[in-house]
Amino acid sequence: MATSHVRRTTVAITAIGAVLAPVAPVFAAEPPRVDLRADVNRDGRVDVTGTTDTAGEDRWSPERGAVFLPNIDDDTKRCKTVGPGGRKLSDAELAVCNDAADAVVNGAGDAADLARVRSVPVEGVSGSATGSLSVVAGGRKSRVFLKRGTGWTPVTARTRLTAAELRSGVELGVEGTDVIRDTAVWDGRAVIRLTVTDRGRSASDDVTLRVAPLLTHHHLQQAQQVMVTKIPGREGYARRQQAFVKGLAAEAKASGIDKPLVTFEKYGDVWAQDFVEPGYVSMTGPGGRRQVIRVMLRSAQADRVAGRELFEKLRGNGVGVVQVSGVRDSEEWTLNSMGNLETVPPYAHGGRAFPAGRIIMGERKDSGSRPAQAMRTLLKSQGFQDPLLLDTSWLHVGHVDEFVQFLPADTPRGWKIGIADPEAGLKLLRDAQRAGHGRVRMFSVPGSEEAPAPKETIAQALASKWLVADNVLAARRIKANLAVLQRETGATDAEVVRVPALYTRGTEEGERGDRVPRLSRLGAGDLPVPDVVREYGQQKQLGGPAGRAGRGTVMTSAYVPGAVNGILLGRGRYLAPRQWGPVIGGKDVFTAAVTAAYTREGLKVSYIDDWYTYHLGMGEVHCGTNTLRDASGAWWKR
């Protein structure tokens, strides 16, 4: 049988002495023909009769090669979230439990997560033939099971295959015990060897698999479920935030999302975008269907307790959680929020292809601060979405979702870049002032006894000591980032959607300062807010040396609620933060301009009020929500 396999044969050598008379020649038995196969062409079956899974089985590439899953979900919900006597488990204790933590196949759901490997029936072996199995590379991060009858047995050094099993062929199941975290430690490969010994002769065959890459979602994948934090209580901030959650549920349903919201209710961290990045691993299962494990990638912020709810609430059948360790204290807290991780949809340009999309993250070039090295190493080590760093020095929070997004489009590329446009925002104000509307209030948001409405006018905003300068700065920085994106992706100017926006440093004194002066300036200084909102906007961004801007850097955040900081709920549905801009002739000029920008791209825009719940905390709708998206596509195909 001619194959591309690498075979190893050991031959017993016998010394033959001199003979006095001729005798009939003695021929040694042929070594057994060993052939181990995996799903090299990724069609969901292991071909043991043809040759579709033979070519290239000893190599692995993004386009071809057998895949196995890091089996880090908890299909039977056996992982505990509290210790004996209700003791709080440490983060490490929470993370160590999953289906791959034991040498047991935990039911049918767990068995479905095993990649199949089969041996071709070995012909002509004697009744004394035996087979052994070993993992000759990647054994520390992978486990092999042998199917016997209706059950699965872990393969060990003592496992032996009988002659009957060799003649009929065996089925193996392979799982990974972790994702790739650093290719310098493990490149994700597992090499499995079958050795057959019969009548003093041995032969072996290897097959190579690679663990599926952990991938983040992009906006060409349909939203299937929305996640948000829900704050308990009946007064002040809680009441407003619950109204936001209710409105979000209605918008999701109107967009065709049937699944109810996932609500985080335990830790009160309203920034649901920031403590987790939903991702996935997948391989092709029986019938060509994708076998998927969702992976919740926890932010690299050790003191962000909200990430614990990922283990306590979400981990289960088909859902795992990954957290990194080794984050240094000097690595800036805010840059490690997951709002600072977005994904460019699939593209190929300049000799590089990203069939699963490419990650972008913000760094502060002015101060040299970057997201945690441990997280960047993990993401790069997947080998598919090599992170591209953009400059967010000019943003107080410093997240890429504050100024850029990616929108589905009926173009050969399939998507366009949505970018915040401060120049367009300033033009809206100047045009209104020239038309005689300078005395119109800048913001139309209604006030209340606890939170008086902002009183500044269009003329006062334009006369501000800093507003125009801040937006000239923002426009320059955004243009520089856009140039990087266009250079890397090949996107043309015609593939850029410009959305009106305005930014501000927030105080007349010229310092970003804390969150409270900004609230006071807008007339809402007494609004009750939970500590986590205050902490996010005040302490964490400025709390340590790595949180400081570079010398002379002005840091800003959205002045008018940032429209690009919204949610793509469907290919044709976009949810933006309500603009609350100046109302002239019965029309909010910012809402009209934002709606026009998205409508031109075939999107139906709806709005949700996030002024008091997120905007004043220097975030928007996107910052306060998250989405689980369809992962049924083949990540190795564009």
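This is a predicted model: local features need pLDDT of at least 70, side-chain atom pairs count only at pLDDT 80 or more; totals for chains, interfaces and linings use all residues.

Modeller: The chain has twelve helices and 32 strands, and 58% of its 638 residues count as buried. Its accessible surface comes to about 26,000 Å², with 52% of that belonging to carbon and sulfur atoms. Among contacts between residues at least 6 apart in sequence, 76% join residues at least 24 apart.

Colleague: What makes α7 and α9 roughly antiparallel to each other?

Modeller: Two packed helices are described by the angle between their axes and the distance between the axes. The axes of helix α7 (residues 422-434) and helix α9 (residues 467-489) come within 8 Å and cross at roughly 150 degrees. Angles over 145 degrees count as roughly antiparallel, and α7 and α9 are therefore described in that way.

Colleague: Which residues of α7 and α9 meet?

Modeller: From α7, the residues are Pro422, Glu423, Leu426 and Arg430. From α9, they are Val468, Asn471, Ala474, Ala475, Ile478 and Lys479. By class, the residues of this contact divide into six nonpolar, one polar and three charged.

Colleague: Why is Arg210 called buried?

Modeller: The relative accessibility of Arg210 is 6%. Buried means under 20%, so Arg210 counts as buried. The residue is placed in strand β10 (residues 201-211). Leaving aside neighbours within four places in sequence, Arg210 is in contact with several residues, including Trp60, Phe68, Ile180, Asp187, Arg189 and Phe384. Gly65 is 145 residues from Arg210 in sequence, yet their C-alpha atoms are 7.6 Å apart in space.

Colleague: How do you know whether Leu194 is buried or exposed?

Modeller: Leu194 has a relative accessibility of 1%. The cut-off for buried is under 20%, so Leu194 counts as buried. Leu194 lies in strand β9. Beyond residues up to four places away in sequence, Leu194 touches Val34, Leu36, Ser119, Ser132, Leu133, Leu161, Ala203, Ser204 and Asp205. For Leu194 and Val34, 160 residues apart along the chain, the C-alpha atoms are separated by 7.5 Å.

Colleague: Why is Asp110 called buried, and what joins the side chains of Asp110 and Asn71?

Modeller: The relative accessible area of Asp110 is 0%, and a value under 20% means buried; Asp110 is therefore buried. Asp110 lies in helix α2 (residues 107-111). A polar contact of 2.6 Å joins its side chain to that of Asn71, and the cut-off for such a pair of N or O atoms is within 3.5 Å. Setting aside neighbours within four places in sequence, the contacts of Asp110 are Asn71, Asp75, Asp99, Val104 and Val105. Asp110 and Asp74 are 36 residues apart in sequence, with 8.2 Å between their C-alpha atoms.

Colleague: Why is Pro446 called partly exposed?

Modeller: Pro446 has a relative accessible area of 47%. Buried means under 20% and exposed over 50%, with partly exposed in between, so Pro446 is partly exposed. Pro446 is found in the loop between α7 and α8 (458-462). Not counting residues up to four places away in sequence, Pro446 touches Ala453, Trp580 and Tyr612. Trp580 is 134 residues from Pro446 along the chain, and their C-alpha atoms are separated by 8.8 Å.

Colleague: What is the phi of Lys77, and what is that of Arg199?

Modeller: Lys77 has a positive phi of about 55 degrees, although it is not a glycine. Arg199, also a residue other than glycine, has a positive phi near 50 degrees. Arg199 is found in the loop between β9 (189-198) and β10.

Notes:
Residues are numbered from 1 along each chain as its sequence is written. Side-chain values use heavy atoms; hydrogens and water are left out. Helices (H or I, at least four residues) and strands (E, at least two) are DSSP runs, numbered from the N terminus. Buried means under 20% relative accessible area, exposed over 50%, partly exposed in between (1.4 Å probe, protein chains only). Contact means heavy atoms within 4.5 Å. Accessible areas come from the Shrake-Rupley method with a 1.4 Å probe; for residues, only the protein chains shown count as cover. Axes are lines fitted to C-alpha atoms, for helices over the stretch in contact, and angles run from 0 to 180 degrees between N-to-C directions. Angles under 35 degrees count as roughly parallel, over 145 as roughly antiparallel, 65 to 115 as roughly perpendicular and the rest as oblique. Ala, Val, Leu, Ile, Met, Phe, Trp, Tyr, Cys and Pro count as nonpolar, Asp, Glu, Lys and Arg as charged, and the others, Gly among them, as polar. A polar contact is a pair of N or O atoms within 3.5 Å; within protein, one must be able to donate a hydrogen and the other to accept it, and residues adjacent in sequence count only if both atoms are side-chain atoms.
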